[in-house]
Amino acid sequence: MAYGYSRCLFWHVAVLCAISAFSAAGAKAGVIALAASVAFARCAAWEPPALSDTDEFNNQELLQQSLFERYYHDADLGFDDVGPKLRNLAALALSSLPAAAFGVGNGLYHFFFYTMHSLLDADGKSRLAPGSMLAIEDQTLAAALFRASLHFTRCLEQSLDLQAFLMGLCQQKLAMFFLVQTEIGTALSALGDLRSSAKVFREVDSVFKTMKSVPYHVMLGDVGWKSPVHVALNDELYPRSFGAVW
């Protein structure tokens, strides 16, 4: 089963209008109608791609492609409408579509890491732009999505074999979870909310200890990871004894 929408509903309407124009008024009118319809389609709001309820990694690829295209190639259309729809998709992923959790979590991490502020662009239009403060609510949602993705691929189960751990991108998911949670805990502490900060760090420490006990890490041995902040994916290929590789 697929969830979501095509990139632009207007595009389908536009194509139908163009086909009709070709039939009714000849090729020239159809070309004009098609050109106008494409311009109209580009004004449409962002919609998430159709997502699978089983194929986690295709979902991740589709979502990142769609978000990067909107942010970098369709920047003139703005990014204001993306946040609310991505958060709605996050709610769906957490409630009934766990195969979308990793992709949506990465989307929130990449594009909504900082709080957004309204700024005027060169044309005098109000646009949202990232500030300098961590977007705690969005990153808390991202952490919940990474947590759901870890459960979806059973990354912290003692029975998970090495191949399943690697094919499930478990280490990448864990690294993202630790990174986001550490930033959240630090930000909460800076705001004086020490109780919430301590709760976040306790969960991070608990997940880290569980991670170190799964078969993959028992096999991997000591790569210098004494706490969650030490997790670095390069260490699996390039041990610290050899120094930095960049």
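User: Is C170 buried or exposed?

Analyst: In this predicted model, local features need pLDDT of at least 70 and side-chain atom pairs count only at pLDDT 80 or more, whereas totals for chains, interfaces and linings use all residues. Residues are numbered from 1 along each chain as its sequence is written, and side-chain values use heavy atoms, with hydrogens and water left out. Buried means under 20% relative accessible area, exposed over 50% and partly exposed in between (1.4 Å probe, protein chains only). Because the relative accessible area of C170 is 0%, C170 is buried.

User: What is the handedness of the disulfide of C155 and C170?

Analyst: The sulfur atoms of C155 and C170 lie 2.1 Å apart, and a disulfide requires cysteine sulfur atoms within 2.5 Å. The pair links distant parts of the chain, 15 residues apart: C155 in the loop between α6 (136–152) and α7 (162–167), C170 in helix α8; helices are DSSP runs (H or I, at least four residues) numbered from the N terminus. The S-S torsion is about -80 degrees, so the disulfide is left-handed.

User: Are α6 and α8 roughly parallel or antiparallel?

Analyst: Their axes come within 9 Å and cross at roughly 150 degrees. These axes are lines fitted to C-alpha atoms over the stretch in contact, with angles from 0 to 180 degrees between N-to-C directions. Angles under 35 degrees count as roughly parallel, over 145 as roughly antiparallel, 65 to 115 as roughly perpendicular and the rest as oblique. The pair α6 and α8 is therefore roughly antiparallel.

Terms used
Helix = DSSP H or I, 4+ residues; strand = E, 2+ residues; numbered from the N terminus.
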